[in-house]
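I opened this notebook to record what I looked up in a structure that was new to me. The entries follow the order in which I worked.

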Amino acid sequence: MFMGGVLHPRHMWLNMSMMKLTRKQVLTEAKASDLQSVRKLNCWGCKLSDVSILSQMPNIEVLTLSVNSISSLAPLAGCLFLCELYLRRNMIASLSELWHLRSMIRLRVLWLADNPCCGENSSQYRLTVLRCLPGLQKLDNQVVTEDEIALARLKGEEISAPLNTAQQQLSTNGLTDAEKENASLCHNTEETNTVKELQMMPLSRDKFPSLHSQSTRSSMKKTHTLDAVLLLLRDLDHEELLIVHTETQNRLRTSTLDSLETFRDPQQSKSADIQH
């Protein structure tokens, strides 16, 4: 970092003992005009513990956070385009933090070594990580083999959502309303399901007499169906998720065609009435 006793220009802002990654730092380092356009970001050795701003960078592809003090991966949950993630020498205490990375189907490189979560049993640690993230091609700078992936499915431990949800919540002190809204997207799945259950509670007819019971039941049924689908997605592996993705696209195309046909029929009927 120092060259001949002088701080290198690229790292001038690293020596300020800053614990929270800010928008200005990101745009300066990435040479970008806005957070959405950031594709690569190098924050090696920046003494960071709060990287909640990453929740506002959905298009980032390569992220270096090694040699920091990061303990939660919740801010990364929305970075679905990540291909390479470097987290060596941080403060990640539990492998349950990998739960936040499960939706990253493009993630191919992960460096997690030298974190407390790695433990003393390196073999079991590796199998557990690969069971959670079977799409990885390189873990801790070592190539992942097909045999390892197969073994991970048998002997790797299943990772569940972090238990201490309070530690997974993003810091919203001093954030704008827009930032808080983005931060809320990174809450773990258990918190999200709890909120949904509260939202699905039936409304009192006394307070809302205009509500029709039949339409309410129909709406509730659709909500429960969606929740069931989202819960099932958590247990699918990479290949199964791709199948669901393909079927969803087919269903959307069919639904779009049906909507177009429905729109055309009234127009055709109207034209026929005019002719007659």
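I began with H2 and helix H3 (residues 146–155), whose axes lie 8 Å apart and which pack at an angle of about 95°; the axes are lines fitted to C-alpha atoms, for helices over the stretch in contact, and angles run from 0 to 180 degrees between N-to-C directions. That angle makes H2 roughly perpendicular to H3, a word that covers 65 to 115 degrees. I noted that helices (H or I, at least four residues) and strands (E, at least two) are DSSP runs, numbered from the N terminus.

Before going on I wrote down that this is a predicted model, in which local features need pLDDT of at least 70 and side-chain atom pairs count only at pLDDT 80 or more, while totals for chains, interfaces and linings use all residues. Residues are numbered from 1 along each chain as its sequence is written, and side-chain values use heavy atoms, with hydrogens and water left out.

I then listed who meets whom, contact meaning heavy atoms within 4.5 Å: from H2 the residues include Leu-127 and Leu-130, and from H3 they include Ile-149, Leu-151 and Ala-152. By class, I found five nonpolar, one polar and five charged residues in the contact of H2 with H3; Ala, Val, Leu, Ile, Met, Phe, Trp, Tyr, Cys and Pro count as nonpolar, Asp, Glu, Lys and Arg as charged, and the others, Gly among them, as polar.

**Two loop residues**

Next I looked at Asn-115, in the loop between strand E6 (109–111) and helix H2 (122–132), which counts as buried because its relative accessibility is 6%. Its side chain reaches the backbone oxygen of Leu-112 at 2.9 Å, and a polar atom of that side chain lies 2.8 Å from the backbone oxygen of Leu-87.

Ser-66 lies in the loop between strand E4 (62–64) and strand E5 (84–86), and at 5% relative accessibility Ser-66 also counts as buried. A polar atom of the Ser-66 side chain is 3.2 Å from the backbone nitrogen of Arg-88.

**The whole chain**

Last, I recorded that the chain has eight helices and eight strands, and that buried residues make up 32% of its 276 residues.

How values were computed: Buried < 20%, exposed > 50% of the residue type's maximum accessible area, 1.4 Å probe, protein only. Polar contact = N/O pair within 3.5 Å; in protein donor to acceptor, adjacent residues only side chain to side chain. Parallel < 35°, antiparallel > 145°, perpendicular 65-115°, else oblique.
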